[in-house]
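Thanks for coming, everyone. Let me put the model up, and then we'll walk through it.

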Amino acid sequence: MRIVVLGPPGAGKGTQAERLADDCGVPLISTGDILRDEAASGSGIGERIERRMAEGRLVPADLVTDLVRQRIDRPEARSRGFVLDGYPRTMDEARALDDALSDRDTALDLVLLLEAEREVLIDRLSGRIRCTRCGAVYHERLNPPPGGRCSRCGNTEFEKRDDDRPEAVERRLDEYRRQTEPVVDHYREAGLLRRVDASGDIEHVWNRTRRQVDARS
């Protein structure tokens, strides 16, 4: 199963994609994690990525595409499929992904679009915190780390990313609308798109997500 999870910042793509990958038994390819790893590396490219993310701007498509191609070429992704979170964001990236899969004699099975009102997205993003050790994401009010500890690694230190601060959030949402909405049209016209109401708590969104996958299977 090869699935793309789309949606604006704050829609819960990462949470649903991670759960979906586990449920389907396929690798999760998260461009957010890939880019953050590179940003933390201290390399020249990493510094460039970190600066753009802090400003709420998109990372250049050619760099992201190269990183994604490396991941879909890994043996487990080639044999079992994947859930792709955070890519493609632009039409150039969507075409690049189509070409990369076509070169490997395969194609996407499903594209899920998580949707929520702008006010909901801003509230979610402004309260988001991240584990300083492993990068797991929580929300100060809606989904706090249980007992003050990261459920993934046990760490007790958390931080708010610069690109989750209010002024960066507004820019991210505007840039999403301008650059990513044509990608939604691309997959809708290809007959791959399924919409998911991303409002409400995580479990309700998961149930809606799973129903769309089951309907496609």
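Predicted model: local features only at pLDDT ≥ 70, side-chain atom pairs only at ≥ 80, totals over all residues.

Start with leucine 28: its bridge partner is valine 83, in β3. Residues are numbered from 1 along each chain as its sequence is written, and side-chain values use heavy atoms, with hydrogens and water left out.

Helices here are DSSP runs of H or I, at least four residues, and strands are runs of E, at least two, numbered from the N terminus. Strands pair if DSSP finds at least two bridges between them.

Back to that bridge. β2 and β3 (residues 82-85) run parallel, joined by 3 bridges. They belong to an open sheet of 5 strands, ordered β2-β3-β1-β4-β8, with parallel pairing. β2 (28-30) and β8 (193-197) are the edges; each has a single partner strand, so one side of each has no neighbour in the sheet. From one strand to the next, the twist averages 20 degrees. Axes are lines fitted to C-alpha atoms, for helices over the stretch in contact, and angles run from 0 to 180 degrees between N-to-C directions.

Across β1 (2-6), β4 (110-115) and β8 lies helix α8, residues 166-189. Its angle to β8 is about 125 degrees.

Now the other sheet. It is open, has 3 strands in the order β6-β5-β7, and pairs antiparallel. β5 (residues 128-131) and β7 share 2 bridges. Arginine 130 sits opposite glutamate 159 in β7.

Next, helix α3, residues 44-54. Which of its residues are buried? Gly46, Ile49 and Met53. Buried means under 20% relative accessible area, exposed over 50%, partly exposed in between, with a 1.4 Å probe and protein chains only. Down the axis of α3, those buried residues fall within an arc of 60 degrees, so they line one face of the helix. That arc is taken from the directions from the helix axis to the C-beta atoms. They pack against α2 (31-39) and α4 (61-72). Contact means heavy atoms within 4.5 Å. Serine 43 caps the N-terminal end of α3, with a side-chain oxygen 2.9 Å from the backbone nitrogen of glycine 46.

Last stop: alanine 116, in the loop between β4 and α7 (118-126). Alanine 116 is partly exposed, at 22% relative accessible area. Alanine 198 is 82 residues away in sequence, but 5.4 Å away in space, C-alpha to C-alpha.

Terms used
Polar contact = N/O pair within 3.5 Å; in protein donor to acceptor, adjacent residues only side chain to side chain.
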